[in-house]
Structures are given as structure tokens and as C-alpha cells.
Amino acid sequence: MLLNVTVPASSGLTSALQNVGKVRNRGLEVMLSTFQELNKDWSLDVSLAMSTNQNEVLALAPGQKQILYASGLPDPSFIVKVGEPIGSFYGYKVLGVFESKEQFDSTPHLENANQGVGDFIYADTNNDGKVNEEDRIILGNANPDFTWGLNGTLGWKNLDFGFGIEGKHGQQVFNAMHRYLAESWGNNLSVYLEDGAPRPVWAYGTKSHTRPSSWHVENASFVRIRNLTLGYTFKNLGFLQKLRVYVSATNPFTFTGYPGYNPEVSNGGSSAITAGEDFGNYPVAKSFIGGLNVTF
């Protein structure tokens, strides 16, 4: 792995990118395919691929057990830790919202954050009677437990129908946009109050809700129709051997419980360390095309 490693201050730098550490990936891949001529009119060509993968960091630089990374939020929201999946989400566990002054006074709250009634209740995970950076925990990761893909073509006489479907299950997204949309920008406030967001004075207060937390982590399992194609082939048309007319759609439908544009989002690009963050990224493009294939 290429990671930032602390170097002596005498070098003039605080860290340097070095090839250190070990990661192990273990999983299973299975693919099944078949082509069947069901009768003189019907045919079916279909393939199914399935895979699982378990990712684990085995070692970092000498003397290192974990490395924290920040992205869309000011505080670190990703962690690379020995014994855990690479690029895990990291932050506070939200237990609820302070609903009264009595509850606030009797419950540990985030240090140096000037919290009040209406703010998040963060868990005291180490049970020391205080809530601070020592209470941050791993909250999930962007690695799916199980992925699959189904592709096929169904033919009937001169008509053909092709499809591609993909599913990913068990992964999560760190929704950094959750924080910004909940700050009553525009007319979003009423929606987020119904979604369990804290007090509406967020936009003017100390914004303790901006700390990376389980409130930002959402289930991003999905099933996506990658492509659909419907075509008809005319044969022996004078000087034309074949003429195929078709219409196709790319990414027409996505079925997911994730409220953002794209459950497969990753603001960190292809980086495995900061994968799965939604920070206002563009949605997946949809396209609808019609065309002709001519054979002379």
C-alpha cells in the first residue's frame, strides 16, 4: 500500500508517501452461463456472475496501528487500522437527540463543542464518563458483502431483447452531504426535521453535528438495470442482407434505499482509503439511444 508515513522533522516534511503495509483480500467468484435454442423461434443466451470478498489490513508502517484520513468533513472520517477493512468509516456513534435540559445535564456530551438541547447524543463508548475523540469507533465501510451480475439476450424469430442487471449488497455510504443539506440551506429544513435531524439553529451554532458520526453512514445496497436493448432484424431486403433497428437504454433504473443520487458514489475516486463518500457527486448518467445496423 502507498501510505503517508511520519518522517523526522529535520527533513522539512511531516510525512512522506511510502510503499508500506499489507492488505489481504479473500473471496469467491462464480460464473454460470448457458445458450439454449429452445425451439425454431426461441433462443436464450444468459450468464450469471457472483462474488464475495473480505478485505483486511494486516500491517502498516513500523510502529503504526492506524492512520486517520479526512475528506468532505473537517474531522477525520476514514481510518486504516490493522485488523479492519481498508478505508473504514470512523466517527462517533449517535444515540439520539437531547430533548430536554434535564436530559442534557445528566448525560455526557461532547467536550469543547458547546452542545445544547436539540444536539446529538454521542455514545461514551469507553465508559469513562466523558465524550471526546477517544470515543470514536469504526462505523462501517464501502465494501459490499456480495455482488452479482446477470446478462442475457432473449430471441424470438427476428426480435431480440438484451439486458444487463447488477446488484451490490451490504456496503455503506458516508453521506457527507447529509450535514450540509440539514443546515437549512434553501428549503431543506422541514424535510430533515422529519428525518431525525437535530435543532434548526445548526446553521448558526457551533455545529457539533459536523463531527463524523453514524448519522452520516447509510445503507447503500442496490440493484441497477445497467442496460436494456430491444431490436428487430429485417432480412433479404434487396441489396441489403440485413437491417437491424434497435432502441437501448443505459442505467434506466436503480432500486435502492439510499436517498442520494448514486449508491455507488465515491468522492475519493478510485482510492480504497477514502471510498464510499458522497460529497455532492454527480449522479450516474442515463442515456436512451435508437439506431440502425446495416449489413450489405
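Predicted model: local features only at pLDDT ≥ 70, side-chain atom pairs only at ≥ 80, totals over all residues.
Residues are numbered from 1 along each chain as its sequence is written, and side-chain values use heavy atoms, with hydrogens and water left out.

The protein contains 3 helices and 18 strands; helices (H or I, at least four residues) and strands (E, at least two) are DSSP runs numbered from the N terminus. Of its 296 residues, 36% are buried, where buried means under 20% relative accessible area, exposed over 50%, and partly exposed in between (1.4 Å probe, protein chains only). The accessible surface comes to about 16,600 Å², and carbon and sulfur atoms account for 54% of this area; areas were computed by the Shrake-Rupley method with a 1.4 Å probe, and for residues only the protein chains shown count as cover. Among contacts with a separation of 6 or more, 63% are between residues 24 or more positions apart, a contact being heavy atoms within 4.5 Å.

Strand β3 (residues 22–37) and strand β4 (residues 42–59) run antiparallel and are joined by 16 bridges; two strands are taken as paired if DSSP finds at least two bridges between them. The two strands form a hairpin with 4 residues between them, and M31 has A49 of β4 as its bridge partner.

An open sheet of 3 strands has the order β14-β13-β17 and mixed pairing. Strands β14 (217–219) and β17 (277–278) are at the edges with a single partner strand each, so one side of each has no neighbour in the sheet. Strand β13 (residues 172–175) pairs with β14 in the antiparallel sense over 3 bridges, and F174 stands opposite V217 in β14. E218 is also found in β14 and is buried, with a relative accessible area of 16%. Beyond residues up to four places away in sequence, E218 touches Q171, Q172, V173, N175, H178, Y258 and P259.

The largest nonpolar core has 15 residues, of which Y69, V80, F89 and F174 touch the most other members. Such a core is a set of buried Ala, Val, Leu, Ile, Met, Phe, Trp, Tyr and Cys residues joined through side-chain atoms within 4.5 Å. Two or more residues are given to this core by each of the elements β5 (66–69) and β6 (78–81). With neighbours within four places in sequence left aside, V80 is in contact with V57, L60, K65, Q66, I67, Y69, I86, G87 and I273. A second, separate core has 7 residues, including L110, A113, F120 and W215.

The count of aromatic pairs is 12; rings of Phe, Tyr and Trp (its six-membered ring) pair if their centres lie within 6.5 Å, with planes under 30 degrees apart termed stacked, over 60 edge-to-face and the rest tilted. F98 and F104 form an edge-to-face pair, 5.0 Å centre to centre with 80° between the planes, and both residues are buried. Y232 and F234 form an edge-to-face pair at 4.8 Å and 65°. Y232 is partly exposed at 34% relative accessible area, as is F234 at 36%. Ring pairs also link Y92, F120, Y122 and W215 into a cluster.

R224 lies over the face of F222, at 5.2 Å from the ring centre; the criterion is NZ of Lys or CZ of Arg within 6 Å of the ring centre and within 35 degrees of the ring normal. F222 is also touched by G167, as are F146, T147, W148 and V223, not counting residues up to four places away in sequence. G167 is placed in strand β12 (residues 159–169) and is buried, with a relative accessible area of 0%. The C-alpha atoms of G167 and S221 are 7.7 Å apart, although the residues are separated by 54 positions in sequence.

Most residues other than glycine have a negative phi. Phi of N114 is near 55°, a positive value; N114 lies in the loop between α1 (101–106) and β9 (120–122) and is exposed, at 60% relative accessibility. Phi of N251 is likewise near 55°, but N251 is placed in strand β16 (residues 240–256) and is buried, with a relative accessible area of 9%.
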